[in-house]
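Here is a short report on one protein model. Look at the sequence and the structure first, then read on.

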Amino acid sequence: MTSCDELKDELLEQVYHENCPGCKVERQKQTQTGLPIIQLVYIWIVVLCVALPISSLFPFLYFMIRDFNIAETEEDISYYAGFVGAAYMVGRALTSVFWGLCADRYGRKPVILIGTSTVVIFNTLFGFSVNYWMAIITRFLLGFLNGLLGPIKAYACELFREEHQAIGLSSVSSSWGIGLVIGPALGGFLAQPAEKFPSLVSSDSLFGRFPYLLPCLCISIFALVVTIGAIWLPETLHFHKNNELEAASYVHDAEEKTNEKKDSTFLSLLKNWPLMSSIIVYGIFSFHDMAYSEIFSLWAMSPKSLGGLGYTTVDVGTILSISGAGLLLFQTTLYPVVERMFGPIMIIRISGILSIPLLTSYSYIAMLSGFMLSFTLNCASVVRNVLSLSMITGTCMLQNKAVEQRQRGAANGIAMTWMSICKAIGPACGGALLSWSQKRLNATFLPGDKMIFFLLNLIEGIGILLTFKPFLVTNHY
């Protein structure tokens, strides 16, 4: 720690801005004796509220596009469905940096409230979609106006003491993963209720005329409750008047003497290589994770003649649910302990290295049958998701430690933009590569699904190599 940082810490211990919400949180953190469970649970719920609408449409999207009668042939349905699925990520990619800058200027809490309110409004409107373009626009606006994920990561770091920041960030990652598991379950079970529960829902009722409204409405009601509760969340950003306390000027003077003109604009973040290198690694692992998610479901439901497992959507949903439960248990109990022992960089490297032989084994797991297939695949899926989320959480910690508090919102906004781009490309690439690999079952080199898992490992390997110097440089504030 530099002499300037030491001076700043000493002065901040003496200086307390009475009307500053960030100072109040810092004061509370100094007196904390244990983990603030209530705040941790609420961060988990807020992230879950945003994660649910992202994936809840996938079980019924095919049928929704079919009902719009926009596709000329049945083969075209998937083509049009892809644009609806990508609309959210495109909208989020365009405004993630903007919402991050807003969070740094006006506070984390307003961005959180706008994000959860957006889910209430536009997820409901998506359920009322009567044509293709209404579905596209509502999904796009849902991502465009929802910039919550970046600032909530900064918020999770700022709300807890340093020794608890790992579990704060892991709660964000685990909630996101659980949301991507629960979302499809809600969409699959609650969509088209008039067909599934004709004794309870008539075809002339509201949910009969809008067969995809019920899952959207349930998520929106949950988001409304979360929005009301978020009103009482504490703000962690510091708001200090220039002339409020004389001691504040001492901190400023010390910084001016120690640092030459410090660029605090958006360009300074792009010049911050410790930040940008961690964001690039974060994007590679996000691309890998999204490509894997797409490939796993398609591979598991592919017929055995193509190297798949011949699973039903129920079978795949069961595996994802078990993986989600295992992920939640690990991230809330073991990950903080492991992070304190090894640090985020070592966790990223170890998790990446272990993932390579695990993914290689998937081709051989497909040769099993019955109970052994189910048991082995569930174990492999749990371990793989734990390793993946550990890498994502580790890179998030590096990003937040590479910048000062006043820049964390914008920094996470840049990360969300890059992640959204990678996650928009990942599923398309994954599906195309799986289709290509299943057409070369008789190839000499890596036939069938062995090729797709080899390519996934290749991407993983690139990400691991980039965690070493001189590419990845750490810088802690």
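How many salt bridges does the structure hold? The structure holds three salt bridges. A salt bridge here is a side-chain nitrogen of Lys or Arg within 4 Å of a carboxyl oxygen of Asp or Glu.

This is a predicted model, in which local features need pLDDT of at least 70 and side-chain atom pairs count only at pLDDT 80 or more, while totals for chains, interfaces and linings use all residues. Residues are numbered from 1 along each chain as its sequence is written, and side-chain values use heavy atoms, with hydrogens and water left out.

**Overall build**

The protein chain has 21 helices and zero strands. Both are DSSP runs numbered from the N terminus: helices are H or I with at least four residues, strands are E with at least two. The chain has 477 residues, and 52% of them count as buried. Buried means under 20% relative accessible area, exposed means over 50%, and partly exposed lies in between (1.4 Å probe, protein chains only).

Contacts (heavy atoms within 4.5 Å) reach across the sequence. Among those with a separation of 6 or more, 81% join residues 24 or more positions apart.

**Salt bridges**

| Pair | N to O distance |
|---|---|
| R66 and D67 | 3.4 Å |
| R108 and D104 | 2.6 Å |
| D289 and R384 | 3.1 Å |

What do D289 and R384 tie together? D289 lies in helix α15 (residues 273-301) and R384 in helix α19 (residues 370-401), so the pair ties together parts that are 95 residues apart in sequence. D289 is buried, at 13% relative accessible area. R384 is buried too, at 3%.

Are R108 and D104 buried or exposed? Both R108 and D104 are buried. R66, in contrast, is partly exposed at 38% relative accessibility.

**Surface**

The accessible surface of the protein chain comes to about 21,800 Å². Carbon and sulfur atoms account for 67% of that surface. Areas come from the Shrake-Rupley method with a 1.4 Å probe; for residues, only the protein chains shown count as cover.

Which residues make the nonpolar surface patch of about 550 Å²? They are V337, M341, F342, M346, I350 and L354. Patch residues have over 30% relative accessible area and no salt bridge; nonpolar side chains (Val, Leu, Ile, Met, Phe, Trp, Tyr) are joined within 5 Å, like charges within 9 Å. Helices α16 (313-342) and α17 (344-360) each supply at least two residues of this patch. I350 is found in helix α17. I350 is partly exposed, at 35% relative accessible area.
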